[in-house]
Amino acid sequence: MTEDLLRLAHVIGAAVLFGTGAGIAFFMVMARRTGDARLIAHVAGTVVVADMVFTATAVVIQPITGYLLATRIGWSLSEGWIALSLILYVVTGLFWLPVVWIQIRLRNLARLAAAEGTQLPAAFDRLYAIWFACGFPAFFAVIGIFWLMLAKPQFQLF
């Protein structure tokens, strides 16, 4: 694969990660604001599928294309901006993994409330608060990765 194709695949993967994350967050927040268990269940179901299809695929592709691109260009993975990008990528993943489980639980709780014709349980609100809070560090870590990839500041991390 040529450098240009690797760079394109890497940029598309980054865009998918960021775009899917932002889209998922937006639609979940908007659905939650309605308080309608049926609507929330539907949106949460779509969010779970989107995370599995788009985010999970990009999560796998990003380190592969990044490694191949760095190798082809001749960058060491220990260069400061690359090493920090990798650390931020892991941080993002540490917040994303519980979010995936939480989204599945939110979907299931909303489906149950919709089927029973009841209000969303208190457990939904607690999980939603955790889900919401996890989005901020992941979002800012990804913004940091974008900046590092574009600016490529020269510093030593290790």
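Which residues form a nonpolar patch on the surface? In this predicted model, the patch is made of Val 60, Ile 64, Tyr 67, Leu 68, Leu 77 and Leu 86. Together they have about 530 Å² of accessible area. Helix H2, residues 37-73, gives the most to the patch, with four residues. Leu 86 belongs to helix H3, residues 80-116. Leu 86 counts as partly exposed because its relative accessibility is 40%.

Pro 63 sits in helix H2. Pro 63 is also partly exposed, at 40% relative accessibility. The C-alpha atoms of Pro 63 and Leu 86 are separated by 8.5 Å, although the two residues are 23 apart along the chain.

**The interior**

The largest nonpolar core has 22 residues. Met 28, Leu 106, Leu 120, Phe 124 and Trp 131 touch the most other members. Helix H1 (3-34), H2, H3 and helix H4 (122-151) each supply at least two residues of this core. H2 provides the largest share, seven residues. Apart from this core lies another, of six residues, including Ile 82, Leu 88, Ile 145 and Leu 148.

Leu 106 shows what the contacts look like. Leaving out residues up to four places away in sequence, Leu 106 touches Met 28, Phe 124, Leu 127, Tyr 128 and Trp 131.

Ser 85 is found in helix H3. Is Ser 85 buried or exposed? Ser 85 is buried, because its relative accessible area is 4%, and the cut-off for buried is under 20%. Not counting residues up to four places away in sequence, Ser 85 touches Ile 145, Leu 148 and Met 149.

**Helix H1**

How far apart are the end C-alpha atoms of H1? They are 47 Å apart. At 1.5 Å a residue, the 32 residues of H1 should span 46 Å, so the two values agree.

The buried residues of H1 are Leu 6, His 10, Gly 13, Ala 14, Leu 17, Thr 20, Ile 24, Met 28 and Ala 31. An α-helix has 3.6 residues a turn, so residues three or four places apart point the same way. The buried residues of H1 pack against H2, H3 and H4. Gly 35 follows H1 and has a positive phi, near 75°.

**Salt bridges**

Side chains of opposite charge can pair when their charged atoms come close. The count here comes to two salt bridges.

| Salt bridge | Closest N and O atoms |
|---|---|
| Arg 7 with Glu 3 | 2.6 Å |
| Asp 125 with Arg 32 | 2.4 Å |

Arg 7 and Glu 3 are separated by about one helical turn, because they are four residues apart in helix H1. Arg 7 is partly exposed, with 32% relative accessibility. Glu 3 is partly exposed too, with a relative accessible area of 30%.

Asp 125 forms a salt bridge with Arg 32. This pair links distant parts of the chain: Asp 125 lies in helix H4 and Arg 32 in helix H1, 93 residues apart. Asp 125 counts as partly exposed at 36% relative accessibility. Arg 32 is partly exposed, with a relative accessible area of 22%.

**After H4**

Lys 152 lies in the segment after H4. Its phi is near 45°, a positive value in a residue other than glycine. Lys 152 is partly exposed, because its relative accessible area is 27%.

Key
Residues are numbered from 1 along each chain as its sequence is written. This is a predicted model: local features need pLDDT of at least 70, side-chain atom pairs count only at pLDDT 80 or more; totals for chains, interfaces and linings use all residues. Side-chain values use heavy atoms; hydrogens and water are left out. Patches are made of residues with over 30% relative accessible area and no salt bridge: like charges are joined within 9 Å, nonpolar side chains (Val, Leu, Ile, Met, Phe, Trp, Tyr) within 5 Å. Accessible areas come from the Shrake-Rupley method with a 1.4 Å probe; for residues, only the protein chains shown count as cover. A salt bridge is a side-chain nitrogen of Lys or Arg within 4 Å of a carboxyl oxygen of Asp or Glu. Buried means under 20% relative accessible area, exposed over 50%, partly exposed in between (1.4 Å probe, protein chains only). A nonpolar core is a set of buried Ala, Val, Leu, Ile, Met, Phe, Trp, Tyr and Cys residues joined through side-chain atoms within 4.5 Å. Contact means heavy atoms within 4.5 Å. The expected span of a helix is 1.5 Å times one less than its number of residues.
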